[in-house]
Every structure is written in C-alpha cells, then in structure tokens.
Amino acid sequence: MMTSTFYDSVRQKMAEVGLSTKLWSNVVVAGEAHDRNIRLSGTGRGIKVFMHQGDVRHHWRGGRNSLNTSLARKCTDYKDVANSILRASGVHAPENTVFKPGEAKRAWAWAEPIAPVVVKPNNGMQGKGVFVNIDRWEDFSSIFDQVTQAYGDALVERFHPGQDHRVFVVDGKVIAATRRLAAHVIGDGKATIKTLVEKKNTSRPTIHKKIVMDETSSMYIERQGLSWDSIPPEGDRVQLRGTANLHTGGDAMDATDLLTAGEISYVERAAKAIPGLRVGGFDLLIPDASSCAESTVLEINENPMISMHQFPAIGKRRDVARAIVNAMFPETARPVELPANSPHRDT
Ligand SMILES: Nc1ncnc2c1ncn2[C@@H]1O[C@H](COP(=O)(O)OP(=O)(O)O)[C@@H](O)[C@H]1O
Ligand SMILES: [Mg+2]
C-alpha cells in the first residue's frame with residue numbers, strides 16, 4: 001500500500017500533465033499506473049485520468065471507467081433493469097415495480113401486502129431520495145409524491161433487513177468488501193444530537209463524507225421520538241438515517257475477510273449476469289446470521305466509489321486500484337490479495 005509521500009509525488013505528476021487531484025479515486029488509480037511507468041495525461045478540466053502504454057489506452061474518472069461497456073452501463077443505470085436481469089439469473093434481488101407520478105394509490109395496493117417497503121428513484125445514486133422501511137399509507141403517500149416530483153418515476157421495493165455491504169468486483173472476482181454503517185452518533189449524556197453530529201463531522205478525516213442534517217434525517221429521528229436538541233444518554237447509539245450510503249455520513253468498515261465463500265460465489269454469479277461489466281460495486285444486504293433469509297443484491301454500481309476500500313474508517317486497507325490497473329494493463333499485472341474465503345486464492 002502506498003504512503004502519503006508517494007501520493008504527494010503522484011499529485012505533483014498529475015498536476016504536471018494537466019490532471020486535477022481533487023478526487024481521491026483518481027489519485028489512487030493514477031498512482032498505481034504511474035508506479036508501473038504507464039503514461040498519464042489529462043484534457044480540459046483534467047477530471048478524467050487517461051492512461052496509455054503502447055497501443056493500450058484506458059481512462060478512469062472517479063469510478064467511471066473504460067473497462068465496462070456501454071451495455072453494462074445501460075443494464076445497471078436503471079435499478080429495475082438490473083434487478084430483473086439478476087432475478088432471471090437466479091440471484092436473489094428484491095421484488096420491485098416502477099410507478100409513475102399520480103399512481104400513489106395503485107402503488108400502495110401493490111406495496112401494502114409486502115410492506116414494509118422502500119421508495120426510491122429508479123436511477124438515483126448516493127442514497128438521494130431513498131426512503132426505507134415504510135409501512136403506513138400516510139407516510140407512503142407523501143413520500144411517493146416527493147420522490148415522483150423530484151425524480152419522475154418511483155421504484156417501490158420490498159424492504160429487506162440486514163447489514164449493508166459494498167462488494168467490489170473486478171473481472172468476475174471479488175476483491176474487497178466494506179460494511180457500511182448508516183450515519184449515527186453515540187450519546188455522552190450531555191451533548192445534543194446536533195452537537196454530537198457537528199463534533200463527529202469535524203473529527204473525521206477529510207476523506208470521509210460529513211453527516212448530513214437534512215429533511216430525511218430530521219424525519220428519521222422524529223420517527224424515533226427525538227429531535228436535533230435531544231440529549232441521548234451516555235453510550236446510546238442514535239441512528240440518523242435508514243440508508244447506509246457513505247455520501248450521507250455512513251462509516252466504512254473493511255469486511256473483506258468476513259465474507260463467506262458462499263457470499264463471494266453469490267456476488268461473482270451476480271457479476272457474470274451483467275454483460276460487459278468488468279468493474280462493479282455491488283450493494284449487498286446480508287441478513288443476520290440468526291435469520292434464515294438469503295443475501296440480497298440491492299443494486300449494481302458500474303462507477304463505484306473506491307476510496308472506502310482503499311481508506312476505510314475501520315479495518316484493513318484494500319488495494320483495489322491495483323486490481324483495476326491489472327485489468328486495464330494485464331502485461332504489468334501485480335499480485336492482489338484476495339479475500340480470505342475467495343475460491344480463487346490459489347489460482
Ligand atoms: N430494498 C431495500 N431494503 C433495505 N434497505 C434498502 C433497500 N433499498 C435501499 N436500501 C437502503 O438504501 C441504500 C441506498 O439504496 P440503493 O438502492 O443502493 O440506492 P443508491 O443508488 O442511492 O445508493 C442502501 O444501501 C440500503 O441501505
Ligand atoms: Mg447504493
């Protein structure tokens with residue numbers, strides 16, 4: 001794993017060739033390529049990292065990449081499309097249906113028998129506009145209208161309890177996994193929730209996103225009978241959102257070696273189901289060990305965030321940039337450490 005002096009020199013090199021160094025994701029991929037003497041270049045604002053060696057050219061832009069085909073992008077951009085491809089391939093994915101604005105009643109007639117449900121945009125990202133665990137018509141109807149007004153259609157989906165994971169796959173192999181804990185604070189018996197959030201936001205390294213105090217989190221804590229001015233008792237954990245996306249202040253914990261062989265094969269099967277997908281981030285819900293439920297693939301990101309694996313808040317760092325550059329320039333390939341339970345470990 002590279003050191004901060006290494007990244008300082010990469011940033012310098014990137015600046016020299018007209019590349020912006022704002023995105024960590026770009027810096028780690030450019031760093032891995034540069035270290036293998038692969039030529040870097042940038043154009044315009046420099047937010048797309050171009051890499052060349054001989055006739056081989058690739059690019060990476062904060063997760064968007066030249067390895068995936070446009071068909072892979074089409075199959076994953078719309079959650080209902082990815083979902084039906086997965087289900088047709090025997091991968092467990094939540095039951096869902098897309099509804100149009102004004103169809104709240106029809107949507108509830110579909111949703112009520114399988115409630116609690118989730119309402120979210122069909123092609124959203126970063127957890128924006130995602131409302132989870134809805135089981136009352138009063139909540140459903142206002143959330144449905146809010147989502148359709150902002151995003152056009154609404155995807156209504158069965159809610160699955162479980163631990164939220166992001167599993168990173170390159171060329172059909174699971175490379176890393178992160179457990180994502182939804183934004184939360186721990187009470188000290190003195191400070192208000194608002195103060196605890198502000199403290200946590202200032203104490204986190206800049207690579208982690210801030211906890212967002214918005215309408216969604218206000219509503220989430222209200223449903224627990226709390227407000228931003230409540231003072232949680234010492235040691236009490238107050239969850240601030242139902243979604244675990246890191247963009248809204250979730251915590252990333254490395255979970256690569258915690259995945260079982262079965263979970264790894266399951267995600268690798270899901271990866272094979274999407275044509276042309278060479279790099280992907282799979283949102284996987286893993287149920288509690290005590291329940292007999294199956295793991296569920298919530299969505300597939302063809303432009304995945306990689307900093308969570310490279311720099312987790314808790315646990316071991318995983319060099320996913322190395323696996324990405326290996327896939328782009330196989331002649332320069334370097335060994336990558338696979339998960340403890342990977343079926344490919346000795347091959
Ligand atoms: N069907 C579901 N059951 C339980 N939680 C869900 C479900 N759908 C979404 N979530 C929660 O919301 C988060 C964001 O949903 P996701 O479909 O991944 O949208 P986005 O593209 O915005 O990340 C998930 O990581 C998960 O925490
Ligand atoms: Mg997601």
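This is a tutorial dialogue on reading some features of a predicted model.

User: What should I know about the numbering and the values before starting?

Analyst: This is a predicted model, in which local features need pLDDT of at least 70 and side-chain atom pairs count only at pLDDT 80 or more, while totals for chains, interfaces and linings use all residues. Residues are numbered from 1 along each chain as its sequence is written, chains are lettered from A and ligands numbered from 1 in the order in which they are written, and side-chain values use heavy atoms, with hydrogens and water left out.

User: How do I read the surroundings of a ligand, and which residues are closest to ligand 1?

Analyst: A residue is near a molecule if one of its heavy atoms lies within 4 Å of it. Here 23 residues surround ligand 1, and the closest are Lys79, Lys120, Gly127, Asp164 and Asp283. By class, this shell holds eight nonpolar, six polar and nine charged residues. In that count Ala, Val, Leu, Ile, Met, Phe, Trp, Tyr, Cys and Pro are nonpolar, Asp, Glu, Lys and Arg are charged, and the others, Gly among them, are polar.

User: Which strands each supply at least two residues of the shell around ligand 1?

Analyst: Helices (H or I, at least four residues) and strands (E, at least two) are DSSP runs, numbered from the N terminus. At least two shell residues come from each of strand E6 (117-120), strand E8 (154-158), strand E14 (279-286) and strand E15 (296-301).

User: What is a nonpolar core, and how many residues does the largest one have?

Analyst: It is a set of buried Ala, Val, Leu, Ile, Met, Phe, Trp, Tyr and Cys residues joined through side-chain atoms within 4.5 Å. Buried means under 20% relative accessible area, exposed over 50%, and partly exposed in between (1.4 Å probe, protein chains only). The largest core has 34 residues, and Val29, Met51, Phe168, Ile306 and Ile324 have the most contacts inside it. Elements giving two or more residues to this core include helix H1 (4-16), helix H2 (24-35), strand E9 (163-170) and helix H11 (320-328). H11 gives the largest share, seven residues.

User: Met328 lies in helix H11. Is Met328 buried or exposed?

Analyst: Met328 counts as buried because its relative accessibility is 2%.

User: Where is Asp139 found, and which side chain does it contact?

Analyst: Asp139 is in helix H6 (residues 137-151). Its relative accessible area is 19%, so Asp139 is buried. The side chains of Asp139 and Arg136 are joined by a polar contact of 3.1 Å.

User: Which backbone angles deserve a look?

Analyst: The peptide bond from Ala115 to Pro116 is cis, with omega near 5°. Pro116 sits in the loop between helix H5 (104-111) and E6. Asn133, in strand E7 (residues 131-134), has a positive phi near 55° although it is a residue other than glycine. Asn133 is partly exposed, at 33% relative accessibility. Asp171, also not a glycine, has a positive phi of about 45°. Asp171 lies in the loop between E9 and E10 and is partly exposed, with a relative accessible area of 39%.

User: How are the domains divided?

Analyst: Domain bounds come from an automatic or database domain assignment. The protein is divided into domain 1 (1-62) and domain 2 (95-159), with C-alpha centres 40 Å apart.

Definitions and conventions
Polar contact = N/O pair within 3.5 Å; in protein donor to acceptor, adjacent residues only side chain to side chain.
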